[in-house]
Amino acid sequence: LLLHVYHLALHNRYQEARDLLLMSHIQDNIGNTDIRTQIFFNRSMAQMGLCAFRCGEIRQAMHCLADLHQHHQQQRIRELLAQGVSQRYGPSVDQENMKEEKKRQLPFHIHINLDMLEAVHLVSAMLVEVPNIALHGIHNKRRILSKSFRRFFDSHLRQAFNGPPENTRDLVMAATKAMRVGDWEKCVKFVFKLRMWDSIPNKDSVQAALKNKIQEETLRTYLLTYGSQFITIHLDKLVEMFQLSSTTIYRISSKMMVNEQLQGAWDQPSQSIIISSIEPSKLQKAALAYAEKIAGFAEQNERMMEQRVGFYKNGDAGRRSSQTRRPRADSSTNQHRRF
């Protein structure tokens, strides 16, 4: 079944691969299977993430690759995909387990490009996380959609000096900064410089779809970030800035108004957005600050209860179930996080 899912994802049949995987419910008990099945599951999820990216399913691509990249270490990802052996030293190393792990390694010609996996994950997370940052603020830690991407971006912002981007991560971070200020052309230029495009089939069609997605998400980010600074925004000006059709801009902005993300309304005779910026009163500001403090207290209380109650009742099981594991022969609980 997993090999069939891998085959469907390899040939850009994402919907069929996803439906087959979900109907099988194999992700519910993947921890109770043997090590080789867990490796096939990890490889199927990685291939599904690449397939979703090629098919334009950006959010699904981020979710498929999120658990795999939560370790931030290439060597750990190699172990999960059976493309490398962990480098463990010392007297506690079991030689028999090392031999079994080496036997499970896959030949080089069927390896998945790890640089392409990282690039797809970061680009997908950028398109999802940047509008989320513009909506909720960069300091709001409770509304994070991609923790690994946010950690990389926070580290990039804390650096005193950032040189010209050279590797995959630097290029995506530079594209993120351009996208936050509404410069979609610069963002596209950095994304198209990634080395992953040499390994993606039909890259012209994928690049065209990705460019359109970047333009739409940059428009959404621009309206969320700078919308309150305007009184009116003319439709022709947005068409000129983002090179999108008037229908697409009307659809995106109207959806933002319905979801109360953009405080404004369309003026049909002038074809412009009238921004209604209403300053909150002192009572409203105090209520918002009070609600944030209550949420912080509740979160702190939950952490204390987990430390006191969850530790004694659940033991190590509660902690181990939320971590992705390296497939090893000495324990049946070493696994990748479920889909």
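1. Among contacts in the protein chain between residues at least 6 apart in sequence, what percentage join residues at least 24 apart? The share is 62%. The model under review is predicted, and the points below should be read accordingly.

2. Overall composition. The protein chain has 339 residues, of which 42% are buried. Its secondary structure consists of 15 helices and three strands. The chain exposes about 19,300 Å², and carbon and sulfur atoms account for 51% of that area.

3. The nonpolar core. The largest nonpolar core contains 81 residues. The members that touch the most other members are Phe53, Leu117, Met126, Val191, Leu194, Met196 and Trp197. Helix α7 provides the largest share of this core, with 13 residues. As general background, nonpolar side chains tend to be buried together in soluble globular proteins.

4. Surroundings of Leu117. Leaving aside residues up to four places away in sequence, Leu117 touches Ala46, Leu50, Leu65, Leu68, His69, Leu81 and Ile112.

5. Geometry of helix α8. This helix comprises twelve residues, 147-158.

6. Burial of helix α8. The buried residues of α8 are Ser148, Phe149, Arg150, Phe152, Phe153, Asp154 and His156. The cover over these buried residues includes α7, residues 114-136, and α9, residues 168-180.

How values were computed:
Residues are numbered from 1 along each chain as its sequence is written. This is a predicted model: local features need pLDDT of at least 70, side-chain atom pairs count only at pLDDT 80 or more; totals for chains, interfaces and linings use all residues. Side-chain values use heavy atoms; hydrogens and water are left out. Helices (H or I, at least four residues) and strands (E, at least two) are DSSP runs, numbered from the N terminus. The expected span of a helix is 1.5 Å times one less than its number of residues. Buried means under 20% relative accessible area, exposed over 50%, partly exposed in between (1.4 Å probe, protein chains only). Contact means heavy atoms within 4.5 Å. A nonpolar core is a set of buried Ala, Val, Leu, Ile, Met, Phe, Trp, Tyr and Cys residues joined through side-chain atoms within 4.5 Å. Accessible areas come from the Shrake-Rupley method with a 1.4 Å probe; for residues, only the protein chains shown count as cover.
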